[in-house]
Amino acid sequence: MSNDLQLTISGLNLRYPGCQENALNDLSVASRGSRIGIIGPSHAGKSSLLALLAGIVPQMIPAKVAGAVSLAGQDLTTWRKRHDLAMVQQDPVSQLTGLADTVYDELAFSLLNQGKSDAEIDQAVQLAADQLDLTGLLACSPNQLSGGQVQRVAIASALAAGPDLLLLDDASSQMDPLGREHFFSWLKKLPCPLLIVSGEVDDLAELCDQIWVMKDGRLVMAAAPQQVFNALNDPAFDKPVAWKMARKLGLELGGRWPVTANELKKAAINANRN
Ligand SMILES: Nc1ncnc2c1ncn2[C@@H]1O[C@H](COP(=O)(O)OP(=O)(O)OP(=O)(O)O)[C@@H](O)[C@H]1O
């Protein structure tokens with residue numbers, strides 16, 4: 001699989017038992033690039049979409065599903081049999097094994113199950129810990145950690161197994177501002193494709209090749225961040241700070257308001273030249 005996500009969804013409908021409404025309604029979209037951000041208000045269906053891609057729905061959480069999903073030209077079920085997909089859910093504590101005495105053991109857990117050697121496990125654990133800034137916490141009990149630290153452990157555990165695709169559902173919600181900044185700059189260097197649900201529109205604008213906008217189980221728009229935040233006119237969706245500043249200062253770039261710090265800088269330089 002190339003680094004592009006190559007995810008195609010056609011006419012996807014999902015309804016939980018006993019519900020009157022679909023959680024996903026006739027969703028059709030094709031990914032562009034390797035890092036896709038998903039935004040939307042509560043109940044938009046963001047978590048349901050990720051849970052379906054991960055196989056949690058309908059395997060563990062029952063739901064009626066119709067439509068087609070393919071990854072790299074294979075249908076989702078076939079792709080999942082041949083590849084590793086990792087998902088970090090909204091509540092990181094529920095994702096810890098509950099069996100590990102230390103953060104090291106927690107990170108090693110899935111690798112042990114994969115039958116890796118001690119040396120391979122140690123190398124993968126040290127690398128994942130280093131990437132998520134957890135090296136100093138490897139000897140600690142997972143029970144002693146803050147919410148943001150638990151989120152980083154859950155992400156490092158997912159990463160240690162070397163997934164072909166990473167799904168992150170609001171995985172930075174409990175991190176402090178500095179932790180979140182490190183986390184998003186680390187995501188930029190991630191070698192595998194990524195689908196990330198987050199309310200951090202500034203970070204998503206900087207990180208993502210494409211943003212999917214969802215509301216009430218429907219896809220409202222799928223486009224590059226600059227296109228999305230310039231076209232969205234719904235108060236339910238926040239705009240990046242760069243967009244707000246550019247609009248206040250009248251700093252356009254190619255007929256649109258910038259959405260990243262770099263774009264804002266370019267627009268300011270252009271304005272000074274003219
Ligand atoms: N296990 C479930 N059983 C029944 N209904 C569910 C279940 N999970 C989600 N729903 C419903 O499906 C709809 C979409 O929920 P979902 O969690 O996917 O949205 P979301 O965009 O992730 O929302 P949030 O941002 O609040 O997490 C909601 O109406 C929700 O109540």
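1. A word on handedness to begin: a crossing is left-handed if the near helix is turned anticlockwise from the far one by less than a right angle, and right-handed if clockwise. With that in mind, α4 passes α5 in a right-handed crossing. Please remember throughout that this is a predicted model.

2. Staying with this pair, helix α4 covers residues 103-113 and helix α5 covers residues 118-131. Their axes come within 9 Å and cross at roughly 130°. Angles over 145 degrees would count as roughly antiparallel and 65 to 115 as roughly perpendicular, and α4 and α5 are therefore oblique to each other.

3. Which residues meet where α4 and α5 touch? From α4 come Tyr 104, Leu 107, Ala 108, Leu 111 and Leu 112. Facing them in α5 are Ile 121, Ala 124, Val 125, Ala 128 and Ala 129. By class, this contact has 10 nonpolar residues, with no polar and no charged ones.

4. Helix α10 (residues 241-249) packs with helix α11 (residues 261-273) at an angle of about 20°, and their axes are 9 Å apart. Since angles under 35 degrees count as roughly parallel, α10 and α11 are therefore roughly parallel to each other. Here α10 passes α11 in a left-handed crossing.

5. The α10 side of that contact consists of Ala 242, Met 245 and Ala 246, and α11 brings Ala 261, Glu 263, Leu 264 and Ala 267. The class count for α10 with α11 is six nonpolar, no polar and one charged.

6. Let me step back to the domains. Domain 1 is made of two stretches, 1-83 and 197-233, while domain 2 spans 84-163 and domain 3 spans 240-274. How far apart are the C-alpha centres of domain 1 and domain 3? They lie 30 Å apart. Eight residues from domain 1 and eight residues from domain 3 take part in the contact.

7. On the domain 1 side of this contact, the elements giving two or more residues are α8 (201-207) and α9 (225-231). The residues on that side divide into four nonpolar, two polar and two charged.

8. Finally, have a look at the ligand. Its surroundings include Tyr 16, Cys 19, Ala 23 and Ile 61. The run from Ser 42 through His 43, Ala 44, Gly 45, Lys 46 and Ser 47 to Ser 48 also belongs to the shell, as does Gly 40. Sorted by class, the shell has five nonpolar, six polar and one charged residues.

Notes:
Residues are numbered from 1 along each chain as its sequence is written. This is a predicted model: local features need pLDDT of at least 70, side-chain atom pairs count only at pLDDT 80 or more; totals for chains, interfaces and linings use all residues. Domain bounds come from an automatic or database domain assignment. Two residues are in contact if their C-beta atoms, placed from the backbone, lie within 7 Å. Helices (H or I, at least four residues) and strands (E, at least two) are DSSP runs, numbered from the N terminus. Ala, Val, Leu, Ile, Met, Phe, Trp, Tyr, Cys and Pro count as nonpolar, Asp, Glu, Lys and Arg as charged, and the others, Gly among them, as polar. Axes are lines fitted to C-alpha atoms, for helices over the stretch in contact, and angles run from 0 to 180 degrees between N-to-C directions. A residue is near a molecule or strand if its C-beta atom, placed from the backbone, lies within 6 Å of it.
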